[in-house]
Amino acid sequence: MTVKKVIQTVHRWLGLLSGCIVSVTCLTGAIWALYIHGWIGDGDPCIPSRDPSLLLRPSALAALAKDSLDGRSPSYITYMKDRPAWLGVFGRGTRTMLMIDPYSGDLLKRTGFSMNSAAGQPFDFWLFIRRGHQSLWLPRAIGRPLVNYGTLTFVAVLLSGLILWIPKTKKTARHRLRFKWKKDTGLKRKIFRFHTVAGFYVSFFLLLMGLTGMTWGLEWYAASLYRMAGGSREMPANVEKSDTANVHAAIDPMHATDSIFEMILSRYPDAASFYINCPDAANPASVIRATVYPDKGIYYNRDVYVFDRYSLREIRTDGPYSGRYRDAGRPARLLRSLYDLHTGAYWGTPGRILYTAAALLGATFPFTGAYIWYRRRKRKRTGR
């Protein structure tokens, strides 16, 4: 068997093996992109920005939302320029979220979901799509590995497909770089052309989506990327704890969060948004984490601060996801950029559009590939 035959066999059978997973992941990813990019869906209402001093502090928002959160303190608070604030409470696989006017404290919306089950919850279309993209609507312990290893298999399919695409002559290259359908071109030839020509152009986008997407489900893969970018053999963990020796100096967790909010707001008055993780009242060692996003819709250049909840002293670690972006090394910058690379946001609106179109086309390739295989198999058996 020649090398080309081996690659064809690998391409065919791995494609058939991962086809259904890839189609669901690509289709739901394209639909989910419409929502996360703000192109469709309700979106948050506009609340014109005012003087930052008029923003209600975290403790005030938490007090106003206490009844809506069933007496619990928020796990996080997000402030966004020209948009409502969001408060959220994490549970065991659940989340309750409140949309609040950050100036008046008026409750605008209450929502929630469970990552493990939809039982007893109102149907949320976008949550349904996200579950499909991340876990194929299966329990996370089953669905996430299927998606990630299915994606890994698909990466091998794409690479083998690019090798098979390489033309031997310039004339062949012209045929493989553009569609050439005539009036009498049959369906089989049209599908083959679509699979090879569109597949070539889209493969580069799909490869980047796959290579970045696996980092959230395969720890060994993320660690390998970190090492390849020049990082240490073991990726530093974000082990951040407050000094419980100072527990005698404890103040109300939300008032401590107020102090951090004031500090961050003074440093970044023009930031697009702030995401503040509040300390857990039940965990004395929990910290206050503040994430600053300077630009709307861009996440790679975020600055992440961690503070001791008692002394309000900044805690510095070697973890790739903590610290200021400008101080991060190449390995940490790579890991921080993966989400924007995965969604196309790294290149702005053109990148988002191209990625969404590529994901839609990617959902069709397993079917066109299976059709080509079926027709060739049938031709061998029947001679037609």
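This is a predicted model: local features need pLDDT of at least 70, side-chain atom pairs count only at pLDDT 80 or more; totals for chains, interfaces and linings use all residues.
Residues are numbered from 1 along each chain as its sequence is written, and side-chain values use heavy atoms, with hydrogens and water left out.

Let me start with the whole chain. Its secondary structure comes to eleven helices and seven strands, where helices (H or I, at least four residues) and strands (E, at least two) are DSSP runs numbered from the N terminus. The C-alpha atoms fill a box of roughly 85 × 45 × 35 Å along the principal axes. Of the 384 residues, 44% are buried, meaning under 20% relative accessible area, as against exposed at over 50% and partly exposed in between, with a 1.4 Å probe and protein chains only.

Now to the helix pair. Helix α6, residues 187–213, packs against helix α9, residues 330–343, at an angle of about 145°, and their axes are 8 Å apart; here the axes are lines fitted to C-alpha atoms over the stretch in contact, and angles run from 0 to 180 degrees between N-to-C directions. On the α6 side the contact (heavy atoms within 4.5 Å) is made by Leu208, Met209, Thr212 and Gly213, and on the α9 side by Leu338, Leu341 and His342.

Which residues does threonine 212 touch, not counting residues up to four places away in sequence? They are Leu338, Leu341 and His342. Threonine 212, which lies in helix α6, counts as buried because its relative accessibility is 3%. A polar atom of the threonine 212 side chain also lies 2.7 Å from the backbone oxygen of leucine 208.

Turning to helix α11, residues 365–382, its 18 residues should span 26 Å at 1.5 Å a residue, and the end C-alpha atoms, at 25 Å apart, agree with that; the expected span is 1.5 Å times one less than the number of residues. The buried residues of α11 are Phe365, Pro366, Thr368 and Ile372, and what covers them includes α1 (3–36), α6 and α10 (348–362).

Finally, alanine 63 lies in helix α2, residues 58–64, and is exposed, with a relative accessible area of 55%. Between alanine 63 and serine 311 there are 248 residues in sequence and 23 Å in space, C-alpha to C-alpha.

Note on methods:
A polar contact is a pair of N or O atoms within 3.5 Å; within protein, one must be able to donate a hydrogen and the other to accept it, and residues adjacent in sequence count only if both atoms are side-chain atoms.
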